[in-house]
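Let's sit down with a structure and learn how to read a few of its features. Have a look first, then we'll talk it through.

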Amino acid sequence: MNQQDIIRVDHVSMRFSLASEKVDSFKEYFIKTLKKQLFYDEFWALSDVSFSIQRGDALGLIGLNGSGKSTMLKVIAGVLKPTKGSVEVRGNVAPLIELGAGFDMDLTASENIFLNGALLGRSHEEMEEHYQDIVDFSELQNFMNVPVKNFSSGMVSRLAFAIATIGTPDILIVDEVLSVGDFHFQEKCQARIQQMLDAGTTLLFVSHSIEQVKMLCNKIVWLEKGCVKMFGEAEKIAEIYSAS
Ligand SMILES: Nc1ncnc2c1ncn2[C@@H]1O[C@H](COP(=O)(O)OP(=O)(O)OP(=O)(O)O)[C@@H](O)[C@H]1O
């Protein structure tokens, strides 16, 4: 890995196994597995993907539905282990993937702040320090003692975004989360991401809005059916992508 590189993706391929027939119950699954009657189709979500980015870069991942963007982010975040190839990451990662996935819906917003913080590796004291900022940013002051199961999906995302973006991580991974929440909150999130970029955070960003990608990113990886179609300077690739 080059001295300047913060992330290096080296010949990464990711295979998923899809059951090729319908199984209606766990019992049927168990019996068919024992009898070796369960067959799988192989599906390669990523094929031989390589690129590297440097500290302070902001990389946009673009491509049609199912092209492998989220899978690539999950491999970089360490949520998925690639079937082939390797990924090297230098620094701590704040992943904004599937916002709210770590919440316990029966607990209150306030309790979830500490639970989610712990899942992100932060101590109780650290979360106490950031507590007011999270409440203010999420604008959920009047809902802190309400169980999260009573929140709208936008409210869940606001709380999760506010928790995940405390401090200044080395690498911030943002997967489509800006499309949730209302327009006012989207603008606030975008401003917070920009603040982090100004402070030197490296960004990996998935969005179907090429305008958002152009606004935040200096580099783009364009994925097509799991392969890199183009990698390089954002403005140029965004132009070609928009015209395609
Ligand atoms: N856990 C999984 N098991 C099986 N297939 C999967 C799994 N996760 C993703 N896939 C498949 O891999 C392919 C790539 O999915 P991925 O979510 O990475 O695409 P994407 O570019 O982020 O799509 P979108 O723009 O729709 O969010 C899809 O065909 C998807 O069905």
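**Reading the ligand shell and the helix packing**

Q: Which element gives the most to the shell around the ligand?
A: That's α2, with three residues. Helices (H or I, at least four residues) and strands (E, at least two) are DSSP runs, numbered from the N terminus. One heads-up: this is a predicted model, where local features need pLDDT of at least 70, side-chain atom pairs count only at pLDDT 80 or more, and totals for chains, interfaces and linings use all residues. Residues are numbered from 1 along each chain as its sequence is written.

Q: Which residues surround the ligand?
A: A residue is near a molecule if its C-beta atom, placed from the backbone, lies within 6 Å of it. Here, the ligand's surroundings include Phe-16, Leu-18, Phe-43, Asn-65, Lys-69, Ser-70 and Thr-71. β1 (5-19), β2 (40-54) and α2 (69-77) each supply at least two residues of that shell.

Q: How many residues of the shell are nonpolar, polar and charged?
A: Ala, Val, Leu, Ile, Met, Phe, Trp, Tyr, Cys and Pro count as nonpolar, Asp, Glu, Lys and Arg as charged, and the others, Gly among them, as polar. In this shell you get four nonpolar, seven polar and one charged.

Q: What describes two packed helices?
A: The angle between their axes and the distance between the axes. Axes are lines fitted to C-alpha atoms, for helices over the stretch in contact, and angles run from 0 to 180 degrees between N-to-C directions. Take α4 (residues 124-138) and α5 (residues 153-164): the angle is about 140 degrees, and the axes are 9 Å apart. Angles under 35 degrees count as roughly parallel, over 145 as roughly antiparallel, 65 to 115 as roughly perpendicular and the rest as oblique. α4 and α5 are therefore oblique to each other.

Q: Which residues of α4 and α5 meet?
A: Two residues are in contact if their C-beta atoms, placed from the backbone, lie within 7 Å. Ile-134, Phe-137 and Ser-138 in α4 meet Arg-158, Leu-159, Ala-162 and Ile-163 in α5. By type, that contact has five nonpolar residues, one polar and one charged.

Q: At what angle do α3 and α4 cross?
A: Roughly 125 degrees, with the axes of α3 (residues 109-119) and α4 coming within 10 Å. So α3 is oblique to α4. Ile-113, Phe-114 and Gly-117 are the α3 side of the contact, and the α4 side includes His-124, Tyr-131 and Ile-134.
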